[in-house]
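Student: I am new to this structure. Please take me closely through one part of it, the surroundings of the ligand.

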Amino acid sequence: MPMVIAIDGPAASGKGTLAKRLAAHYGLPHLDTGLLYRAVALTVIDAGCNLDDHAAAARAASTLIVDRLADPRLRERAMGDAASRISSIPAVRAALLAWQQRFAGGASGAVLDGRDIGTVVCPQAQVKLFITAAAEERARRRHLELMRRGEPASLGAILADIVARDARDAQRSTAPLKAAADAVVLDTTDLDADEAFAAARAVVDRAR
Ligand code: C5P
């Protein structure tokens, strides 16, 4: 059976980097599902609509095309917050669910990372990882990444962003951020990227 690896976790937990490395290591296609929500938010903004406009967001989700995922604006800091706002709309989640499940159902298997992959999108995944780290450490890492990208912001503002986004993602009623009951929780607060990768590989190799 093709292997599906589901990776969830809060903002800036390092799950994206880990997902990319695992996908390369095991030769699996990778989908960063956060990009889908970011692309829906950007489509709504570009159309001049309000992020609270549920009909506009649902329309953007059901007509989303893959080309949108390459837009560099999706990675901007404000887009994470915008994505979190539209991601609590059930019709948006429903439209993107089919998209993600098609990707995961391919013959070659897949790695998907997000917030609800192990719980909702791929409840049958052979491997489920929930990647977490202390909020202060996640803020420090995001700060470094933004500086490298030439998008400076204060550490305090980034921490506040992260805490607010996690709270909204964990409290929404549809597909909230939470570890699946059968997920392996990996706390990377004291691990560097290579150590986190080795720990995740050990989990995958045990499940194969
Ligand atoms: O992972 P990333 O920071 O790009 O996600 C942006 C936002 O998209 C998250 O804060 C969350 O609200 C939403 N999201 C989601 N479910 C996913 C992936 C992302 O609700 N599977």
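Tutor: Start with serine 87. One of its polar side-chain atoms lies 2.9 Å from an oxygen atom of the ligand. Keep in mind that this is a predicted model. Arginine 38 also faces a ligand oxygen atom: a polar atom of the arginine 38 side chain lies 2.6 Å from it. How much of the ligand does the protein bury? Taken alone, the ligand exposes 450 Å², and the protein buries 96% of that.

Now widen the view to the whole shell. There are 15 residues around the ligand. Those that come nearest are Arg38, Arg93, Arg115, Arg165 and Asp169. Sort the shell by class. It holds 8 charged residues, 5 polar ones and 2 nonpolar ones.

Which helices supply at least two residues of this shell? They are α2, spanning 33–46, α4, spanning 77–86, and α8, spanning 155–171. The largest share comes from α2, with 4 residues.

For contrast, turn to the second largest pocket. About 170 Å³ of space lies there. Its lining divides into 8 nonpolar and 4 polar residues, with no charged ones. Met1, Pro2 and Val4 are among the lining residues.

Note on methods:
Residues numbered from 1 in each chain as written. Predicted model: local features only at pLDDT ≥ 70, side-chain atom pairs only at ≥ 80, totals over all residues. Heavy atoms only, no water. Near = heavy atom within 4 Å. Polar contact = N/O pair within 3.5 Å; in protein donor to acceptor, adjacent residues only side chain to side chain. Areas by Shrake-Rupley, 256 points an atom, 1.4 Å probe, with all protein chains shown as cover. Nonpolar A, V, L, I, M, F, W, Y, C, P; charged D, E, K, R; others polar. 1 Å grid on protein atoms, 1.4 Å probe; cavity = no way out; pocket = protein on both sides within 12 Å on 5 of 7 lines; lining within 4 Å. Points joined across faces, edges and corners; volume = space filled by probe spheres on them.
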